[in-house]
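Reader: Before we look at the model together, I would like to learn how its features should be read. Could you take them up in turn, with the general idea ahead of each case?

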Amino acid sequence: MQLDSSYLHLDASFTGLTSFFGGYSGVFNVVDSKVADSNPIIAAYVQEHKDTTFLLEATEKTKTMTTVEAVCNFLIAKHADRKALVVGIGGGITTDIVGFAAAIYKRGVACGYVPTTVLGAVDAAVGGKSGVNVGELKNMLGAIRQPKFVFFCPALWESIPDEVAAEGWAELVKMQIIRNLNVLTAKYVNRGASPSEAAIFAAARAKLDIVEADETEQNLRRILNLGHTYAHAIEALSSGAVSHGNAVSIGLVLSAETSVRLGICKSPGIVEVIKKKLLSYGLPVDCPYSKPDMLAAICNDKKMEGGKIHFIAIRNLFDVVDVLIEPELL
């Protein structure tokens, strides 16, 4: 189902994926090994394409240049040329690694994504950002390379645990703070999507609209980092024990509280509104770390610029702003 003219596609059947494979010299799959083991749809696909599939251990610890090099070595061994297509099947870690490998292999080959989590569908698979970690520092090395397609198949998401699905709703709530998605969601429902599918697709489409206006994050695209200054600090302090989605949830609350404290937001009740929404999805809202520890981690953030940091503040619902401030104010 093509709900709009973007590279985002929604299909109830996984078999529709192969319709995007035409015109390439070869198609090579990079698949999260846990997904291949746990999801029967992906397991069958991997078995059918085992000669052209690389199974990836997709964790924050393996999201490194070593893994990117392993993917590139796989492509070399399979004689993938510059007309090849690399398909990343998995969550955000998988698409980040695949996008980066595709960006640098033979100076760039085509890639496409099949997000197997709601988090991947709403966020990581959309917008072209890719990257890997350096030690505990997230996404310090990377590139921007837009995929040829992002294939949404809700049947893939049905088998994931509730707590994993909930992480994706944190990014959905983030987009609902940034943009009013009601009209867009209703449009997609009218075109045949279920309410949850339409909400996810609307969030992804809204993100893509922002990316298309500022692909390299010179100004507008920065607003997509709402909650992420705090979230990345939490992830670093927890050494990955706190998942990205849960960290974003906490980060959204902290961003709202900071926006009120700094006087940027004149509606203090917005904090409770955001908390209530996140709690309705079973997401955490309380930060487990002290302010000094958070500040130390924030100062390593890649959004630091001249001793200040780009902080996305909330003025109101559907009204967020990028402010460059001293990290001590956070």
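Author: A salt bridge is a side-chain nitrogen of Lys or Arg within 4 Å of a carboxyl oxygen of Asp or Glu. The model is predicted, so local features need pLDDT of at least 70 and side-chain atom pairs count only at pLDDT 80 or more, whereas totals for chains, interfaces and linings use all residues. Residues are numbered from 1 along each chain as its sequence is written, and side-chain values use heavy atoms, with hydrogens and water left out.

Reader: How many salt bridges does a search of the whole structure find?

Author: The search finds 11 salt bridges. In one of them the side chains of Asp-322 and Arg-222 meet at 3.4 Å, N to O. This pair links distant parts of the chain, with Asp-322 in strand β11 (residues 319-325) and Arg-222 in the loop between α8 and α9 (228-237), 100 residues apart; helices (H or I, at least four residues) and strands (E, at least two) are DSSP runs, numbered from the N terminus.

Reader: Is Arg-222 buried or exposed?

Author: Buried means under 20% relative accessible area, exposed over 50%, and partly exposed in between, with a 1.4 Å probe and protein chains only. Arg-222 has a relative accessible area of 16% and is therefore buried, whereas Asp-322, with 24%, is partly exposed.

Reader: Where do Arg-205 and Asp-209 lie?

Author: Both residues lie in helix α8 (residues 195-213), four residues apart, about one turn of the helix, and the closest N and O atoms of their salt bridge are 2.6 Å apart. Arg-205 counts as buried because its relative accessibility is 9%, while Asp-209, at 38%, counts as partly exposed.

Reader: What describes a pair of aromatic rings?

Author: A pair of aromatic rings is described by the distance of the centres and the angle of the planes. Rings of Phe, Tyr and Trp (its six-membered ring) pair if their centres lie within 6.5 Å; planes under 30 degrees apart count as stacked, over 60 as edge-to-face and the rest as tilted. By this rule the count comes to 11 aromatic pairs. Phe-28 and Phe-74 form an edge-to-face pair, at 6.5 Å centre to centre and with 85° between the planes. This pair links distant parts of the chain, Phe-28 being in strand β2 (residues 27-32) and Phe-74 in helix α3, 46 residues apart. Phe-54 and Phe-74 form a tilted pair, at 5.5 Å centre to centre and with 50° between the planes. Because Phe-54 lies in strand β3 (residues 53-56) and Phe-74 in helix α3, the pair ties together parts that are 20 residues apart in sequence. Phe-28 is buried, with a relative accessible area of 7%, as is Phe-74, with 11%, and Phe-54 at 18% relative accessibility also counts as buried.

Reader: Which residues do ring pairs link into a cluster?

Author: The cluster consists of Phe-14, Phe-20, Tyr-45, Phe-149 and Phe-151, linked by ring pairs.
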